[in-house]
Amino acid sequence: MPVTRRDFSRFSLALASLLPLGLTACAQSEATVSPFSVPERADLSALGKDPRLLVMTTRQSVGNTAPYFGTDRGPLTFAEVRLSPPGRGIAGRVSSAVAGDWAIVGIERETATDAARVFSNAANGRDVLLYVHGYNESFESAVRSAGQLSHSLAFQGRTALFTWPSGGKLLDYAYDRESALWSRDGFVESLRALVANPTIGRIHIVAHSMGTFLTLEGLRELRDSPDVYARIGSVVLASPDVDIDAFEQTVKRLGPLAKRMTVIIDPGDRALAVSARIAGGVARAGAADRARLDALGIRVADTAGRGWSLLRHDLFLSDSEVTQVVRRAMDRGEN
């Protein structure tokens, strides 16, 4: 069986949880990051205590058994996914990282009727971590990443995933990009629904790779909705697969929200190097010249030289101290 990107990610997570190193030169006020390890006990996160992940998706449902949602485009749908937490202790953490970490047990409920309202009600009374996955992700791999991220952050609110219809194949880059853009309306509707519930606290958005393209497009569409912007605590864009010129243009239109934005970059990101070639040689924001990003007034975390990941594209998941950058951004967003 060929080794996949997630295989490298899992191996990296195992090593990172055991061998924390120092991360320096993180931009703006991002000084040296102190060691941060994956919580040993699953119940240190709210998701570990109540392993139900809220999901909003524009994927077509394929039933209540694996793979649950496929690669085709479908109506905006809410689902509540039951998860099995990772093992406890050092051995359990390493085993979970290599074997897939959080596992899907099943779907408790699924609805495409007034999905946004049902989603908002399910998140009632809590801060929300909303994760948006990137290119080449299946529904199941996106769920695992959301669970892993929430667990690593020891997040105490409700964790949600917005998953769009990625083809889940290396050669589906064009399909994925169009599917991400097509899902913008669903993403905007989901955010509006969260804000419409007055009991929900801060909404923290963490987007990865091509998911940052979808996120930025949605936030740009909401730029005339101050009620939405006011409820967003932080926006973390990890390895953004966005044309640097388009990225600059969009961020400049986000106004004060840009000051709550953190971008995780790596000039050695091999996946973004391939994306740049596909895009005609235009640099991606996740591997761009840092000076251009600093000039936008956003926080920049440069992870050059960090981690063990082969592609260097998912260090926010596979390296414990890069995950701490996300945690610090969220902590600032609470103020």
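Tutor: Gladly. This model is predicted. Start with helix α7, whose buried residues are G186, F187, V188, S190, L191, A193, L194 and V195.

Student: What makes these residues of α7 "buried"?

Tutor: Buried means under 20% relative accessible area. G186, F187, V188, S190, L191, A193, L194 and V195 are the buried residues of α7, so each of them falls under that cut-off.

Student: How do you know that the span of α7 agrees with its number of residues?

Tutor: Helix α7 covers residues 184-196, which is 13 residues. At 1.5 Å a residue, α7 should span 18 Å. The end C-alpha atoms are 18 Å apart, so the two agree.

Student: Why are β3 and β9 said to stand at the edges?

Tutor: Look at the strand order: β3-β2-β1-β5-β4-β6-β7-β8-β9, in an open sheet with mixed pairing. β3 (103-111) and β9 (299-302) each have a single partner strand, so one side of each is left without a neighbour in the sheet.

Student: What makes β7 and β8 a pair?

Tutor: Pairing needs at least two bridges. Strands β7 (residues 232-238) and β8 (residues 261-265) have four, in the parallel sense, so they pair. For V236, the bridge partner in β8 is T262.

Student: Which stretches have pLDDT under 50, or below 50?

Tutor: Residues 1-39 stay under 50. Residues 88-100 are below 50 as well. Where pLDDT is low, the predicted coordinates should not be read in detail. The chain as a whole averages a pLDDT of 84.

Key:
Residues numbered from 1 in each chain as written. Predicted model: local features only at pLDDT ≥ 70, side-chain atom pairs only at ≥ 80, totals over all residues. Heavy atoms only, no water. Helix = DSSP H or I, 4+ residues; strand = E, 2+ residues; numbered from the N terminus. pLDDT = per-residue confidence, 0-100. Contact = heavy atoms within 4.5 Å. Expected span 1.5 Å × (residues − 1). Buried < 20%, exposed > 50% of the residue type's maximum accessible area, 1.4 Å probe, protein only.
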